[in-house]
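Here is a friendly walk through the side chains of one protein chain. Keep the model open beside you and look up each residue as it comes along.

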Amino acid sequence: MRDLSKQQAVLIELLHEFDRVCRKHNIPYMVFCGSALGAVRHNGIIPWDDDLDVTMLRKDYECFLKVAPNDLKEQYFLQSEGSEHWTMNFSKLRKNNTTYLEKFHPKDAKMHQGIYIDIFPCDNASDTKWIRKLQFYASRIALAKSLWKRGYETESKRKKIFMRLCCLLPAKPFLKFSMMKKEKNSRYVQTFLACTSRYKKGIYKRSWFTETIEMDFEDMKVPVSSHYDELLTTMYGDYMKLPSEGERKIKEHAILIDTERDYTEYEHYRDGMTFDVLSRNIH
C-alpha cells in the first residue's frame, strides 16, 4: 500500500531547500499549479496530491540555475535544463538516495530518478494574439523533440508520428521564438515550455507572476500570486469546491517510489513488471 505521507514529507523537504537558496540570493519565485491551489485551499499540499510545482520568470530561473549547484546541500541534486542526462525545457530539484521511477523507459540510463519538485520557467508572451499562438506551436515542436529524446512513451500513433517528425527539426529556433526574451515589457507571460498542454491555460497577465503574497504551506510560508483568485480560476474554474471523494485520486505518475533507497537499486525491476507489482515495494 502506498504511503503518500512519506513522499509528501520529502516534497516539503525539497521545497524548504529550494526556498532557502532563493531567499539567500533574493530570487523571486512562487508555488504554482496544484501547489498554489493547495496553499490557498489546504494551507499545504493537497492531501491526495503527489507532486509539487514552483515557477519563476525566465531571468530569475536562469539566476537560480547558476547559483544553486554551488549552494545546495549535498543530499540534493539539481537536474537543470540544458545539463547532461536531461533533455527537458524545465528543471527538477531531486533528493539523492530516493527513487521515483516514472512510467517510461529513459533513453539515458544515467538520468537521475530521485523524488523531485518541478521548477518551471515562465516566459514572455507577445501582446499580439496570433504571435502568441505561433509561440505555442513552436513550444509544442520543442517539447516533442525533448520528450522523444527523453524516452517518452505513448499509445497515440498521432503523437508518435508528431514526435518523430519534430526530431528532424532543429530545436534552437523554436525555443528562441517561444521564449521571446526581448519582450520584457509585454503584458502577458506564458508557461508553454513547462507545464501546460493547452493554449488558453498557459497565458497569464504578467502581474500575476510579479506580485506575490506569503501564505502558510505545511510548516513554512511560501510566495503565492497576489492574484491567486484570477490565476486559479483560469486554471481550475471553481477551485474552492472540493472534488468528490471518488475523484480524490493520486495521479500516480510513477511505477515505483521509495523514500529510503536509491533509484539505482531498482534498475533491473523496471522491465516486465506492472504498477501493481512494483507498488508493493514502495516505502
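This is a predicted model: local features need pLDDT of at least 70, side-chain atom pairs count only at pLDDT 80 or more; totals for chains, interfaces and linings use all residues.

## Patches on the surface

Let's begin on the outside. K107, K157, K160 and R164 make up a positive surface patch. One of them, K157, sits in helix α5, which covers residues 157-166. K157 has a relative accessible area of 69%, so this lysine counts as exposed, the cut-off being over 50%.

A nonpolar patch is also found on the surface, where W130, L134, Y137 and F177 together show about 430 Å² of accessible area. Which helix gives the largest share of the nonpolar patch? Helix α4 (residues 129-150) does, with three residues. W130 has its place in helix α4, and this tryptophan is exposed at a relative accessible area of 57%.

## Aromatic pairs

The structure holds 13 aromatic pairs. Take W86 and F90: their ring centres are 6.1 Å apart and their planes meet at 85°, so this pair is edge-to-face. Are these two residues buried or exposed? W86 is buried, with a relative accessible area of 5%, and F90 is buried as well, at 7%.

Y100 and Y116 form another edge-to-face pair, with 5.1 Å from centre to centre and 75° between the planes. This pair links distant parts of the chain, as Y100 belongs to strand β5 (residues 99-102) and Y116 to strand β6 (residues 116-125), 16 residues apart. Y100 has a relative accessibility of 3% and counts as buried; Y116, at 8%, is buried too. Elsewhere, F32, Y204, W208 and F209 come together as one aromatic cluster.

## Salt bridges

Side chains of opposite charge can pair when their charged atoms come close. The count here comes to 15 salt bridges. E260 forms one with K6, and their closest N and O atoms are 3.9 Å apart. E260 lies in the loop between β11 (254-258) and α9 (275-279), while K6 is in helix α1, so the bridge ties together parts that are 254 residues apart in sequence. E260 is exposed, with a relative accessible area of 54%, whereas K6 is partly exposed at 35%.

D123 and R58 form a salt bridge in which the closest N and O atoms are 2.6 Å apart. Because D123 lies in strand β6 and R58 in helix α3 (residues 58-67), this pair ties together parts 65 residues apart in sequence. Both D123 and R58 are buried. R261 and E265 also meet in a salt bridge, at 3.1 Å from N to O. Here R261 is partly exposed, with a relative accessible area of 31%, and E265 is partly exposed at 38%.

## Two backbone angles to look at

Most residues other than glycine have a negative phi. Where does N26 sit? N26 is in the loop between α1 (4-24) and β1 (30-31), and its phi is positive, near 55°. At 69% relative accessibility, N26 counts as exposed.

N97 also has a positive phi, about 60°, although it is not a glycine. This asparagine lies in the loop between β4 (91-95) and β5.

How values were computed:
Residues are numbered from 1 along each chain as its sequence is written. Side-chain values use heavy atoms; hydrogens and water are left out. Patches are made of residues with over 30% relative accessible area and no salt bridge: like charges are joined within 9 Å, nonpolar side chains (Val, Leu, Ile, Met, Phe, Trp, Tyr) within 5 Å. Accessible areas come from the Shrake-Rupley method with a 1.4 Å probe; for residues, only the protein chains shown count as cover. A salt bridge is a side-chain nitrogen of Lys or Arg within 4 Å of a carboxyl oxygen of Asp or Glu. Lys and Arg count as positive and Asp and Glu as negative; His and the chain ends are not counted. The place of a charge is taken as NZ of Lys, CZ of Arg, CG of Asp or CD of Glu. Helices (H or I, at least four residues) and strands (E, at least two) are DSSP runs, numbered from the N terminus. Buried means under 20% relative accessible area, exposed over 50%, partly exposed in between (1.4 Å probe, protein chains only). Rings of Phe, Tyr and Trp (its six-membered ring) pair if their centres lie within 6.5 Å; planes under 30 degrees apart count as stacked, over 60 as edge-to-face and the rest as tilted.
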